[in-house]
Amino acid sequence: VPSTAYDRASTDKDVTPMKPASLSEGRRGPPQIWNSAPQLAQITSVAPSTLVPPGARVVIIAPHPGDEVLTCGGLLQLFSALEHPLQLISVTDGSASHPGSQVWPASRLSVVRPQESAEALRRLGMPLHSLKWIRGGFSDNALAAREPQLSQFIARYLHPGDVVFTTWCNDGNSDHDSVGRAAARACDLVGARLYEVPVWAWHWPAAESAMIPWQRARKVRLNTWSVARKLHAAHAYASQLAGDPQIGLAPILAQVLLERMREPYEIVFA
């Protein structure tokens with residue numbers, strides 16, 4: 001049984017989650033951790049086999065459709081090429097992403113967003129015929145109130161020895177944080193290994209970089225083609241690229257987030 005995932009997650013318990021910085025500007029905007037923190041260059045690079053032993057199953061837990069690409073679109077490609085069994089758990093259908101929108105009402109998004117994920121996975125080159133895909137049906141923007149049930153749900157689909165990747169429990173987004181905590185408890189219960197992946201945390205103001213647990217960070221380098229496929233996959237999420245200008249909703253996949261995805265590596269917290 002690996003070292004306890006929840007204990008590792010708890011080492012960050014004193015970190016106060018921050019609200020993401022404005023994502024409306026690119027590299028010329030206010031410095032954010034992803035494009036200014038000097039610690040990024042100091043992170044130890046590791047091979048995928050260091051994170052996942054041969055033959056182990058890889059489980060990706062995505063709070064919302066699209067998080068599977070934002071968190072580890074590059075790692076998914078690498079683990080697929082290494083022929084690891086893959087399982088994706090989509091906790092919510094993301095239907096609450098455009099509150100008040102008549103262009104993207106929840107009824108439409110509940111259908112569209114899973115379709116966007118399927119297309120994104122196809123663009124990544126994932127073997128959809130063999131990828132085990134679990135849809136949780138939880139309501140997004142409401143996971144904090146259901147963490148115990150979410151932990152039980154996740155544990156139901158984990159096996160001892162699985163290697164799990166999901167959002168960091170202090171990422172600064174309520175759903176991301178809840179899924180990180182729930183996954184940690186489920187991994188402890190089952191005997192699976194957990195790696196947490198920051199998403200919104202990279203877009204905190206640069207001054208907050210000391211709140212990142214750099215000592216736990218590990219970097220997996222990606223080649224040019226892997227980065228290109230990841231960006232191509234991100235553009236499958238049309239609903240997240242569009243927003244709704246009529247009611248002042250900016251795109252969730254803002255330009256600065258897409259800029260960060262061009263970095264030739266992905267980082268996980270071990």
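The structure is a predicted model, in which local features need a pLDDT of at least 70 and side-chain atom pairs count only at pLDDT 80 or more, while totals for chains, interfaces and linings use all residues. Residues are numbered from 1 along each chain as its sequence is written, and side-chain values use heavy atoms, with hydrogens and water left out.

**Helix packing**

Helices here are DSSP runs of H or I with at least four residues, strands are runs of E with at least two, and both are numbered from the N terminus. Each axis is a line fitted to C-alpha atoms, for helices over the stretch in contact, and angles between N-to-C directions run from 0 to 180 degrees.

| Helix pair | Angle | Axes apart |
|---|---|---|
| α5 and α8 | about 165° | 8 Å |
| α4 and α8 | about 140° | 9 Å |
| α4 and α5 | about 30° | 10 Å |

Angles under 35 degrees count as roughly parallel, over 145 as roughly antiparallel, 65 to 115 as roughly perpendicular, and the rest as oblique. Therefore α5 and α8 are roughly antiparallel to each other, α4 and α8 are oblique, and α4 and α5 are roughly parallel. A crossing is right-handed if the near helix is turned clockwise from the far one by less than a right angle, and left-handed if anticlockwise; α5 passes α8 in a right-handed crossing, as α4 does with α8 and α4 does with α5.

Contact means heavy atoms within 4.5 Å. Where α4 and α5 meet, E68, V69, G73, L76 and Q77 of α4 touch S117, A120, L121 and L124 of α5, and these residues divide into 5 nonpolar, 3 polar and 1 charged. In this classification Ala, Val, Leu, Ile, Met, Phe, Trp, Tyr, Cys and Pro count as nonpolar, Asp, Glu, Lys and Arg as charged, and the others, Gly among them, as polar.

Turning to α4 and α8, which pack at an angle of about 140°, the contact is made by V69, G73, G74 and Q77 of α4 and by W225, S226, R229, K230, A233 and A234 of α8.

**The cavity**

Rolling a probe the size of a water molecule over the atoms shows where empty space is left. On a 1 Å grid over the protein atoms alone, a cavity is a set of points where a 1.4 Å probe fits but cannot get out, and its lining residues have an atom within 4 Å of a point. Grid points are joined across faces, edges and corners, and a volume is the space filled by probe spheres set on the points.

The count comes to 1 cavity of 30 Å³ or more, and the largest cavity has a volume of about 180 Å³. Its lining has 14 residues, of which W202, R260, Y265, E266 and I267 lie nearest the centre. The elements that give two or more residues to this lining are α4 (67-81) and β8 (265-269), and β8 gives the most, with 3 residues. By class, the lining holds 9 nonpolar, 1 polar and 4 charged residues.

Notes
1 Å grid on protein atoms, 1.4 Å probe; cavity = no way out; pocket = protein on both sides within 12 Å on 5 of 7 lines; lining within 4 Å.
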